[in-house]
Amino acid sequence: MLRKCKELRIALLGAVLAVSGCAKEELPAQAPPVRDVPDDVQAGQGNTTSLGELPFVAGLSVAGTFAQKLEQPTPLGETTAVHVKLPPPANRLLADSLVRVVGDPARPTVLFRSDTLARLGAIPSSPGPDFFTLFSQLPDSELERRRENERRLASGEFGTPTRETILFNGRHPAARYEGLPVDADAFGQGGLVPLTSCPQMPSSTQAWWERTLLIRDPAVVLDPARTWDPCTGAGTKGGVWTFAHLMREMAQGSGARPEAFVLNWLSLWLNDFQSNGDTVPARRKMYDEVIAPWAAASGASSSLQLNASTGRWEVMLSKPLDLDIAPFRLLSIVNRIDLAGGSGDYSRPSNPGELRFLFGLTRPSPWGSGGTEATCNLKPFTVIFEYGVPGEGCPALMGWARQWAGMGSYATFNVAYRARLALMTESVVQRGRAPGKGNGNALNQLRTNEVALGFPWELREFRLVDEHPVTGQNTPSNGFLRVHTMALTPDDATHDFRTDPDVDFVVRTHVKNGVEQPVTVPTRCSAHFTMPRTVNGRPFLGANAQVAPPTHWEGLTVVPTDATEVCARKEFSANTCNGCHFKDTGTNDFSGVNNLAFTHVSPTSGIPARLSKFLTGGGSGFMFVVPDAQFGAQVTSWPFADLLRRHQRLQELANCTTCGWFIDLDVGYLARMEALAGSVPLDLPPGSPEPALTVGPIRDVGVVKQLLELRPGFRTQLQELPLDFLQPPAARVH
């Protein structure tokens, strides 16, 4: 163990030095942060390593965004140059382009090389050759507001502060550093002002995680006023945190009663179905394990019958299911504000991430009438409601973040805490909160993960959309929940997880081309790519995902000595449902102690539910180190501490986000660019559909000058966004 830790420390140091170009500095003179020692470290089990082993680097070396006040506003009234350090383009032909276009071509974000703008006199100076510039309206008061927030954080008003921040590359801890205080005075004088994370923020502890990120305390998940426990019959039927309430809100606008809405969803397991060429076999144990016992507890007789005319199995009930006694027990309420910005690369924040409810299946005996934890018969079956939090832009994003950060100020999960949490959750889950989505409901997707209905474990995904059978484009639609292809996950029925040539092709082309350079494993490895729906003329995305097998996904010809290929393999696999729920994250505990096999929140460990070490890192102050799923620890191991990552992102959004007004340009601007330059430097993630425009670099400074002058003619709307909105979310869907 000590040898592995030493090797990891050496690898981490080399990785960060390669990233930052800075020598290791002495730690600041301050007391070391208090760390909770994890149980598995004390017992000598597992592979957890202290975050204190990470090298310390200068805060300026991690700054990727600078703000600079212009001497005169632009013709569009913009007052500030926002300089962003973009990674090398996925399309290598654009490497020397003086202009970059990123994001959705229908809502393009156009940036100009900072060195070129300084040469033209459009900006006072450039932060360096890797930076590109866009313009914003940024009042001086915005930086004053941030400076005041920094003062309040340092005072301890929001919790015991720490100066140390962990630098994450994607989801991997890479180094320690101190965030830089914003210099509002220098900004007012036209200086280049770096914008990093908070110089101080509340220390990341399990108590903070429990109150602001992943709430699983019995006071909440067994709240008698808002939950109903199918194990004991205690609580309030139809309370605001029950399965029944969420389904009733979702069913409104569907044209069906909530009981029929739920039965229709459960019946999707009773017959084979097909999506994107993937035929998924029925799991008719859904009737035996869920529908029939639920019907009996509802006082209904039930049967499963084959319809001779349609050839499909159907459930016959003498009366509807009683939703109030649904056999789904609340395990946790989860804040995924770290998903703000959507799953696309360089996408503008469309909502403040997700709010999730996680339930576990039970089959108590007797049903909800004085049973106990011991008699509850907890099932290896989870249901996750994943809602897109309504709102757009800075006000919604920061407002939601501040609400969650404020939950950390409560010492206990008392009446006031639970009342405030209920107001927050209801603002998302109630019908009508998302008028443009199916049934007016904010649901993004509903996911299941189970082995209670048969072996192997299986994950499924459902949405309130119509998925186009060829393009995969989603159209929000009212009605029942529908089966959806799995996000970023191949069809494991037709693609072998070890030897499939299509997987190998995608890893070594699309994903490899999207790996940010320079890459150093294990701590500098992230990639921008989209998962193609078809590969080489064959369907690729699957309609379900099974686990063990597959345990992960391998690239057949990936070279273990090529860091970019090793990174690409990991990025591909870890973003699939299979890899995320097994070997790529080390979620493979079969000891019977933690009951966490294939889940990050255990449905069978009781309340509070046990969490995976991928989430906790093994404890506050630690990271969980997982051997590479294909090549093992002899090539590299990947560190994780995801709740720490989410904690830091929450604090940044709540307290240290700087917002400005950005002017959208009409898509016609790109057509004009193509006419002037002959091509458009559109940098799309590998695997994206071919654009209608001719893609290529712009190298002519004269064309850059013309494009700057043309901007006022293509102005559309103003949007208030974080200055770092071009930073893609570290997490994608899981």
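Is Cys-577 buried or exposed? Cys-577 is buried, with a relative accessible area of 1%. By buried I mean under 20% relative accessible area, with exposed over 50% and partly exposed in between, using a 1.4 Å probe and protein chains only.

Before I go on, the basis. This is a predicted model, in which local features need pLDDT of at least 70 and side-chain atom pairs count only at pLDDT 80 or more, while totals for chains, interfaces and linings use all residues. Residues are numbered from 1 along each chain as its sequence is written, and side-chain values use heavy atoms, with hydrogens and water left out.

Cysteines, then. A disulfide here is a pair of cysteine sulfur atoms within 2.5 Å. Searching the whole structure gives four disulfides. Counting bonded cysteines along the chain, the pattern reads 1-7, 2-3, 4-8, 5-6. Cys-577 is in no disulfide; its nearest cysteine sulfur belongs to Cys-580, 7.4 Å away. Cys-580 is likewise in no disulfide, and it is buried at a relative accessible area of 2%.

Cys-231 and Cys-376 have their sulfur atoms 1.5 Å apart. The torsion about their S-S bond is about -65 degrees, so this disulfide is left-handed. Cys-231 sits in the loop between helix H7 (218–221) and helix H8 (243–251), and Cys-376 in the loop between strand S18 (354–362) and strand S19 (378–388), 145 residues apart. Both Cys-231 and Cys-376 are buried.

Cys-394 and Cys-659 are bonded with sulfur atoms 1.9 Å apart. This link is left-handed too, with -80 degrees about the S-S bond. It joins helix H11 (residues 393–407), which holds Cys-394, to strand S30, which holds Cys-659, across 265 residues. Cys-394 has a relative accessible area of 1% and Cys-659 one of 4%.

Cys-525 and Cys-567 are joined at an S to S distance of 2.1 Å. Here the link is right-handed, with 95 degrees about the S-S bond. Cys-525 is in the loop between helix H13 (501–514) and strand S25 (534–535), and Cys-567 is in helix H14 (residues 563–574), 42 residues apart. Cys-525 is buried at 1% relative accessibility, and Cys-567 at 0%.

Next, the core. A nonpolar core is a set of buried Ala, Val, Leu, Ile, Met, Phe, Trp, Tyr and Cys residues joined through side-chain atoms within 4.5 Å. Which members of the largest core touch the most others? Of its 113 residues, they are Trp-265, Trp-294, Phe-357 and Phe-385. Helix H10 (residues 285–297) gives this core its largest share, seven residues. A separate core has 23 residues, including Val-99, Leu-670, Ile-698 and Val-703.

Take Phe-357. Contact means heavy atoms within 4.5 Å. Leaving aside neighbours within four places in sequence, the contacts of Phe-357 include Trp-241, Leu-330, Val-383, Phe-385, Tyr-387 and Val-429.

On to the aromatics. Rings of Phe, Tyr and Trp (its six-membered ring) pair if their centres lie within 6.5 Å; planes under 30 degrees apart are stacked, over 60 edge-to-face, and the rest tilted. The whole structure has 25 aromatic pairs. In one of them, Trp-265 and Phe-462, the ring centres are 6.0 Å apart and the planes at 85 degrees, so the pair is edge-to-face. Trp-265 lies in helix H9 (residues 258–266) and Phe-462 in strand S21 (residues 457–463), so the pair ties together parts 197 residues apart in sequence. Both Trp-265 and Phe-462 are buried. They belong to one aromatic cluster, whose members also include Phe-243, Trp-294, Phe-357, Phe-385 and Tyr-387.

Last, helix H18 (residues 668–677), where Tyr-669, Leu-670 and Met-673 are buried. These three cover an arc of only 100 degrees around the axis, taken from the directions from the helix axis to the C-beta atoms, which puts them on the same side of H18. The buried residues of H18 pack against strand S4 (99–102), strand S5 (109–113), strand S30 (659–665) and helix H19 (701–710). Just after H18, Gly-678 takes a positive phi of about 85 degrees.

Key: Helices (H or I, at least four residues) and strands (E, at least two) are DSSP runs, numbered from the N terminus.
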